[in-house]
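User: I have just opened this one and would like a walk through it. Can you take me around?

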Amino acid sequence: MKTLLRWLLSFVALLALLLVGPVWLLVTNQVATDAHWSSLDRTSAGFAPDPEAYSEAVVQVYSARAYSWRGAFGEHIWIATKAENADSYRLHQVLSWRQPTVVSSIDTPDRAWFGNPPTLLADYRGEAADQMIPKIEAAATDYPHAGLYRVWPGPNSNSFIAWVMREVPGFEVTLPVTAIGKDYIFNGVFAPTPSGTGYQFSLGGVIGVMLALEEGIEVNFLGLSFGFDIMRPALKLPGIGRLGKPARVSGRDD
């Protein structure tokens, strides 16, 4: 009985520790929870090249804090592509309010996600991007759970992004520790990491561990991940994210 009680107390203590970051963000009002989505900023951050002035192919990946209270826990990630000589970008993402959930549509690639500014995670251009685009489009079409969306533990919008990266050779991106759902592995418990520099083990996105050159070491417990990056020294915390040297922008810094 005492052993069971100790395990229970340890579980509660660990869960409380993992929730410190998200609770702090909510208490300090660092995420907007009382504004209607229609009133929040959706303007461009100016990261993407103007398609009318830039003819080469472009593949970019962006992340931003999720809308409302979800932003205290995680981020939303999307892929933006522009074929060679195209005059617009196409965004590939999963949206919870759409059926099927996978949406590939012409849109502004780098605009804020309902009040939250985007961060550039990857920037492939030229021949590399040109070769990726048809494979990205095919992977988005073949996504196995376009009719299912679960905020936690997945499959969700970040599960979709990780799926596409594993399906497209050379499309290697380090996803933020706050990308809840990225650890949801389809049809198994082992998979390459989205950066392609290591491997991860995960039980339904609920419990798992990741070891890779780019991601470093991450432990996932109940969907909340923590760890540290050795190559670019940084501490990774639930809700708060990365504290230390910024992650590499794939493609641009290769």
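Predicted model: local features only at pLDDT ≥ 70, side-chain atom pairs only at ≥ 80, totals over all residues.

User: OK, in what order do the five strands of the open sheet come?

Analyst: The order is β4-β3-β2-β1-β5, with antiparallel pairing; strands here are DSSP runs (E, at least two residues) and helices are runs of H or I with at least four, numbered from the N terminus, and two strands pair if DSSP finds at least two bridges between them. At the edges are β4 (102-106) and β5, each of which pairs on one side only.

User: How many bridges join β3 and β4?

Analyst: Strand β3 (residues 90-94) pairs with β4 over five bridges, in the antiparallel sense, and Gln-93 has Val-103 in β4 as its bridge partner.

User: And which strands does α3 lie across?

Analyst: Helix α3 lies across β1, β2, β3 and β4, and runs at about 45° to β2. Contact here means heavy atoms within 4.5 Å, while axes are lines fitted to C-alpha atoms, for helices over the stretch in contact, with angles from 0 to 180 degrees between N-to-C directions.

User: Switching to pockets, what volume does the largest one have?

Analyst: The largest pocket has a volume of about 560 Å³. Of its 25 lining residues, the closest to the centre are Ala-66, Tyr-67, Arg-70, Tyr-149 and Val-151. On a 1 Å grid over the protein atoms alone, a pocket is an open set of points where a 1.4 Å probe fits, with protein on both sides within 12 Å along at least five of seven lines, and lining residues have an atom within 4 Å of a point. Grid points are joined across faces, edges and corners, and the volume is the space filled by probe spheres set on the points.

User: Which elements give two or more residues to that lining?

Analyst: Those are β2 (75-82) and α3 (157-167).

User: Last topic: where is Ser-38?

Analyst: Ser-38 sits in the loop between α1 (2-27) and β1. Its C-alpha is 17 Å from that of Arg-70, with the two residues 32 apart in sequence, and Arg-70 is among the residues closest to the centre of the largest pocket.

Technical notes: Residues numbered from 1 in each chain as written. Heavy atoms only, no water.
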